[in-house]
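Dear colleague,

I am passing on the structure we spoke about, and I would be glad if you could look through it with the notes below at hand.

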Amino acid sequence: MDNTPRPLIAGNWKMHGSNAFAAELAGSLSDKVSNAGHNSFDMLLCPPAPLMGSTLAAIGAASIALGGQDCHSAEQGAHTGDISAGMLADAGCSYVIVGHSERRADHGETDDVVMGKAAAAQTAGLAPIVCVGETLDQRDAGEAIEVVTSQVVGSVPDGSSAGTIVIAYEPVWAIGTGRTPTAVDIEKVHGAIRSAIDGVIGNPGQVRLLYGGSVKAGNAEEILALENVNGALVGGASLKAEEFWAIAQAC
Ligand code: PEP
């Protein structure tokens, strides 16, 4: 029996779109998911917060989950511009991305900060997608595995288990660049993450480990077939219904 975790194909729209765009993209994916009937993957859309209502409306009854792109670690309070995990849950989300490298770089988020956000997400009933990944300098220095596994251990809240957390390996230098690590390198890092979460996350073999960084229709099949790759976190290619669907079909 195949005991690998069910793949998750997640689209991170970042700061793109409008209500009209969200309605069209989510509507088109909703049709595809519904028409396909049985799908061998879970699909997740992470639009910007103001577009969640129109995205959810367009998803309708289709089996597509909604997620946030970030959350605050506090339940509520004087944090202008921030969004709590509870608010995301209330808006219909079941996941939230935390620790994306763009947040780590733009907002100086450390592993401790990311862990606080992930814990808040779990308290609100959301599964955090904890992002980790090395810079090009770190890879060139041969430090990729050390950096990534240390981010994982430093960002995952105590008491996490396979059903309450997702990890996304996203090499910083591969995001939005069209460059990807070799298949061997992706497998090495994913294997190291799987080992690193043993004893840290309950039921480690069932934790979904996503790969992210320039995943496209053209490389999805090869990447998604790799050992310990249980789905993809997709940026640019998730903004086009046909391409995102083709990625999901590669599962
Ligand atoms: C991302 O930012 O999460 C990402 C994977 O982006 P892209 O697919 O565009 O590289």
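This is a predicted model: local features need pLDDT of at least 70, side-chain atom pairs count only at pLDDT 80 or more; totals for chains, interfaces and linings use all residues.

Residues are numbered from 1 along each chain as its sequence is written, and side-chain values use heavy atoms, with hydrogens and water left out.

The barrel

The strands β1-β2-β3-β4-β5-β6-β7-β8 form a closed barrel of eight strands with parallel pairing, where two strands pair if DSSP finds at least two bridges between them, and where helices (H or I, at least four residues) and strands (E, at least two) are DSSP runs numbered from the N terminus. From one strand to the next the twist averages 25°, with axes taken as lines fitted to C-alpha atoms, for helices over the stretch in contact, and angles running from 0 to 180 degrees between N-to-C directions. On the sheet packs helix α5 (residues 111-123), which touches β4 (95-98) and β5 (127-132) and whose direction makes about 160° with that of β5; contact here means heavy atoms within 4.5 Å.

Strand β1 (residues 8-12) runs parallel to strand β2 (residues 42-46), and five bridges join them. Within this pair, Ala10 stands opposite Leu44 in β2, while the bridge partner of Asn12 in β2 is Cys46. Buried means under 20% relative accessible area, exposed over 50%, and partly exposed in between (1.4 Å probe, protein chains only).

The cores

A nonpolar core is a set of buried Ala, Val, Leu, Ile, Met, Phe, Trp, Tyr and Cys residues joined through side-chain atoms within 4.5 Å. The largest one has 61 residues, and those with the most contacts inside it are Leu29, Met43, Ile167 and Ile193. A second, separate core of 14 residues includes Tyr95, Ile97, Cys131 and Ala168. Returning to Ile193, its contacts, leaving aside neighbours within four places in sequence, are Val132, Val148, Thr149, Val152, Ile167, Tyr169 and Leu209.

The pocket

The largest pocket has a volume of about 560 Å³. On a 1 Å grid over the protein atoms alone, a pocket is an open set of points where a 1.4 Å probe fits, with protein on both sides within 12 Å along at least five of seven lines, and lining residues have an atom within 4 Å of a point. Grid points are joined across faces, edges and corners, and the volume is the space filled by probe spheres set on the points. There are 23 lining residues, of which Lys14, Met15, Gln69, Asp70 and Arg103 are the closest to the pocket centre. Helix α4 (residues 101-106) gives the largest share of the lining, three residues.

Single residues to check

Lys14 lies in the loop between β1 and α1 (19-36), has a positive phi of about 50° although it is not a glycine, and counts as buried because its relative accessibility is 19%. Ser214, in the loop between β7 (208-212) and α9 (217-224), likewise has a positive phi, of about 60°, without being a glycine, and is buried with a relative accessible area of 8%. Most residues other than glycine have a negative phi.

Thr55 lies in helix α2 (residues 52-59) and is buried, with a relative accessible area of 0%. Leaving aside neighbours within four places in sequence, Thr55 is in contact with Trp13, Ala22, Ala26, Leu45, Pro47 and Leu66. Thr55 and Asn19 are 36 residues apart in sequence, and 7.6 Å apart in space from C-alpha to C-alpha.

With best regards
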